[in-house]
Amino acid sequence: MSDGSDILTNFAHDYEGVHMTTGTPRAGRYALSFTSGALLATEAALVAPIYLREHDWDATREHARDANLLQHRVATSSERRLRALIPRLQVLSDAELEIVSEGTSTDRGHLMWAAACRRYDLVGEFAEEVLRERFLILAGTVSHEEYDSFYRAKAMWHDELGQVTDATYKKLRQIMFRMAVEAGLLTKQGHIEPALLSARVAECLNQRTPSDIRFFPTRVA
C-alpha cells in the first residue's frame with residue numbers, strides 16, 4: 001500500500017504460521033480485479049447455460065447483456081459484473097460448467113471458488129497456503145492477521161501489492177474472505193469449514209495437474 005503507515009511497510013517480518021509453497025518470485029503481476037461481486041455463483045448459474053448452448057463467449061456475453069440476465073437496473077452495472085464473471089467461467093471445463101448450470105448450490109460454490117483460484121493467482125495462493133494449510137495443521141480459523149502476513153510475504157516479490165492504496169488493500173481482503181464464506185469454506189467469524197466435495201466435483205478438480213483440490217480445506221489428496 002502506498003500509505004507508509006500501513007501494515008505493508010515492514011517487509012522484514014517473515015510470514016509466520018503457515019507453510020509457504022512459493023518462496024521465490026513468480027513471473028508477471030498479480031491480477032487484482034476480483035473485487036467485483038465476490039464469488040458470483042448466482043450469476044454463474046444464469047450465464048453458464050448460455051455458453052453450453054452457444055459455445056461462444058462473445059455470443060454468451062451479448063445475450064446476457066441484451067437480455068439483462070443479471071437483472072441490473074443500470075446497464076453499466078450489468079456489463080461490469082459480466083466482465084468479472086466471464087473470465088472466471090472461461091477457466092472451467094464444459095463438465096464443470098454443466099455442474100455450475102444444473103448442480104447443487106454447494107457444488108456451484110465449490111467450482112466458482114476453484115474458478116477464482118485459477119483466474120487469480122493471489123486467491124489461489126491464499127487458498128492453498130493459508131486456508132488449506134491452516135486446516136491441515138488443525139488451526140481451525142483464518143483471521144485477518146494471517147491474511148495480512150500472507151500479503152506482506154507476497155509483496156516482497158510483487159511491487160504491485162505494495163503500491164495499492166489502503167482502501168484497495170482492505171477491499172481485497174474483504175472480498176477474499178467474502179468469497180470463502182460464500183463458497184462455504186469459512187464462517188463469517190473466520191472458522192474453517194471442511195470442504196465436503198461431491199464425487200462429481202472432485203473428479204473434475206482432479207483432472208488438473210496438480211489437482212485443484214489443493215484449494216480446499218480437506219484432507220482428500
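This is a predicted model: local features need pLDDT of at least 70, side-chain atom pairs count only at pLDDT 80 or more; totals for chains, interfaces and linings use all residues.
Residues are numbered from 1 along each chain as its sequence is written. Local features need pLDDT of at least 70, side-chain atom pairs count only at pLDDT 80 or more, totals for chains, interfaces and linings use all residues, and side-chain values use heavy atoms, without hydrogens or water.

The protein has 10 helices and zero strands. Helices (H or I, at least four residues) and strands (E, at least two) are DSSP runs, numbered from the N terminus. Of the 221 residues, 48% count as buried. Buried means under 20% relative accessible area, exposed over 50%, and partly exposed in between (1.4 Å probe, protein chains only). Among contacts (heavy atoms within 4.5 Å) with a separation of 6 or more, 72% join residues 24 or more positions apart.

Helix 5 spans residues 105-119. Its 15 residues reach 21 Å from first to last C-alpha, close to the expected 21 Å. The expected span is 1.5 Å times one less than the number of residues. Helix 5 is mostly covered, with 12 of 15 residues buried. Among them are W113 and C117.

Helix 7 (residues 144-155) has 12 residues and reaches 16 Å, close to the 16 Å expected. Helix 7 is also mostly covered: 10 of its 12 residues are buried. Those buried residues pack against helix 6 (121-136), helix 8 (159-162) and helix 9 (166-182). S149 lies in helix 7. At 14% relative accessibility, S149 counts as buried. The S149 side chain makes a polar contact with the side chain of R152 (3.1 Å). A polar contact is a pair of N or O atoms within 3.5 Å; within protein, one must be able to donate a hydrogen and the other to accept it, and residues adjacent in sequence count only if both atoms are side-chain atoms.

Rings of Phe, Tyr and Trp (its six-membered ring) pair if their centres lie within 6.5 Å; planes under 30 degrees apart count as stacked, over 60 as edge-to-face and the rest as tilted. The count comes to 10 aromatic pairs. Y51 and W57 are stacked, at 3.9 Å centre to centre and 10° between the planes. Both Y51 and W57 are buried. The ring centres of Y147 and F177 lie 6.1 Å apart with planes at 65°, so this pair is edge-to-face. Y147 is in helix 7 and F177 in helix 9, so the pair ties together parts 30 residues apart in sequence. Y147 is buried at 0% relative accessibility, and F177 at 11%. Ring pairs link F126, Y147, F150, Y151, Y169 and F177 into a cluster.
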